[in-house]
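Colleague: I'm new to reading models like this. Could you walk me through one?

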Amino acid sequence: LTQLYRGAQTIGNQYRLCQKNFVDMEKMLDLFKEPIEIQDPPVPAALAPQGGGEVVFDNVSFAYDPRRPVLQNLSFRVEPGETCALVGPSGSGKSTVLRLLFRFYDAPEGGRVLIDGEDIKNLAQKDLRGMIGVVPQDTVLFNETIKYNILYGRPTSTDAEVFAAAEAAQIHDRIMSFPDGYETKVGERGLRLSGGEKQRVAIARTLLKNPKIILLDEATSAVDNAVEAALQSALLTKARTTIVIAHRLSTIVNADQILVIKDGQCVERGTHESLMQMRDSGVYFDMWMKQLKDELGLGGLAKMESVG
Ligand code: ATP
């Protein structure tokens, strides 16, 4: 009987281990939806200790399928602490830029991606990913407590740090309103959070991680305008470099630099003010016009003057 019990216990342990690994794997695959085929270099380069998170794309070309180029000779530099926004039509390659920076793919077609002057191919993946925080479009939460989900950003954090991150992410009060507070189970088998709540949990997790570089892919698309403004001030600090993909153009008017990506190429770059000057030929200007028309109807056009 004892042997049977031990056997059952071992199977139980293995099952829990598998389940945990499954959740981890599920997270990797679901969050990033990409296969992981990248190898570490035999002797990885050390991270620049004083590096502030400068990001450089140096003439990068990339294709998922060699017959169809996605990025073509893309070059840009984001200074440490700057916010760079990527805008452009659907399918133009914006998310691909973030995937290359996180090194889900290498760009064998040409060019280099550098962080603080180091080609990211020379870094160990755990070092690279340790200094980058990603808030994706669709956040997948672990079937665990909210606290666990936030703590995942930096497991050694204290409760006070978890609460502070949740407050900055505008989700603390909501969590406290649940009967079990931070111990509330979430995910597929727990409390179903709304899209905007999940986004804020993911933002809290990333703020707790406190990386040098944050990549935001439509990270606040499901929250309302007031919450979004508060999130922007928590996220966009000079203490780290931020690259953001936004469809709601109003969220990126304060970006230090806006890159307009079309067919994998950067067709315009500048600040909101400078790009809005290009009234006759500007892709960014046209995107604003279209967004105002869609959101506000023709009356929105009258508001054009105020955003320009
Ligand atoms: P959106 O604004 O709709 O999110 P995007 O500008 O971020 O679009 P990407 O996701 O970078 O665009 O995709 C660029 C192009 O690459 C698209 O044509 C897309 O179909 C293609 N693509 C993206 N991921 C893959 C993949 N894993 N395999 C093959 N093609 C892909």
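Colleague: Which residues surround the ligand?

Modeller: Y64, D65, V70, G88, S90, G91, S92, G93, K94, S95 and T96. A residue counts as near a molecule if its C-beta atom, placed from the backbone, lies within 6 Å of it. By the way, this is a predicted model, where local features need pLDDT of at least 70, side-chain atom pairs count only at pLDDT 80 or more, and totals for chains, interfaces and linings use all residues. Residues are numbered from 1 along each chain as its sequence is written.

Colleague: What makes β4 and β5 a pair?

Modeller: Strands pair if DSSP finds at least two bridges between them. Two bridges join β4 (residues 112-115) to β5, so they pass, and they run antiparallel. Strands here are DSSP runs of E, at least two residues, and helices are runs of H or I, at least four, numbered from the N terminus.

Colleague: Why are β2 and β5 called edge strands?

Modeller: The open sheet has the order β2-β1-β4-β5. β2 (71-78) and β5 (118-119) each pair on one side only.

Colleague: Which residues of α5 are buried?

Modeller: In α5 (residues 159-168), V162, A165 and A166 are. Buried means 20 or more other C-beta atoms, placed from the backbone, within 10 Å of the residue's own.

Colleague: How do you know that they line one face?

Modeller: Down the axis of α5, they fall within an arc of 100°, so they line one face. The arc is that of the directions from the helix axis to the C-beta atoms.

Definitions and conventions:
Buried ≥ 20, exposed ≤ 12 C-beta atoms within 10 Å, placed from the backbone.
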